[in-house]
Amino acid sequence: MTVRIHLRYCSSWNYEPKAVNLAAKLFVQYKRQISGLELEPSIEGCFEVTVGDGLIYSKLETGIFPEEDEIVNQVGHRIYGIQWIQDI
């Protein structure tokens, strides 16, 4: 199974380094299962991760940044249907 991943981040608050770092971790871990990985600059303090059609994390909803390892695990869950343990 392959998935498309979309990372929407606030460029005016300089969240780009966090988005790029997370994208790199996801690509290293799941490069064969990712059909596309898109970074979208946005506004209003957002940091959102979508896998396929499903939003798996929204800073706008939680008020905090996600733990990168948790996002990597959630993406693995979407890909494999199980909790994936990251070795990075």
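**Exercise 1.** At what angle do α1 and α3 pack, and how far apart are their axes?

*Solution.* The model is predicted: local features need pLDDT of at least 70, side-chain atom pairs count only at pLDDT 80 or more, and totals for chains, interfaces and linings use all residues. Residues are numbered from 1 along each chain as its sequence is written, and side-chain values use heavy atoms, with hydrogens and water left out.

Step 1. Helices (H or I, at least four residues) and strands (E, at least two) are DSSP runs numbered from the N terminus. Axes are lines fitted to C-alpha atoms, for helices over the stretch in contact, and angles run from 0 to 180 degrees between N-to-C directions.

Step 2. The angle between α1 and α3 is about 40°, and their axes are 10 Å apart.

Step 3. This makes α1 oblique to α3 (under 35 degrees is roughly parallel, over 145 roughly antiparallel, 65 to 115 roughly perpendicular, the rest oblique).

**Exercise 2.** Give the strand order of the open sheet and identify the edge strands.

*Solution.* Step 1. Strands pair if DSSP finds at least two bridges between them.

Step 1. The four strands of the open sheet are ordered β2-β1-β3-β4, and the pairing is mixed.

Step 2. From one strand to the next, the twist averages 15°.

Step 3. β3 (residues 47–51) and β4 run antiparallel and are joined by four bridges; Thr 50 has Leu 55 in β4 as its bridge partner.
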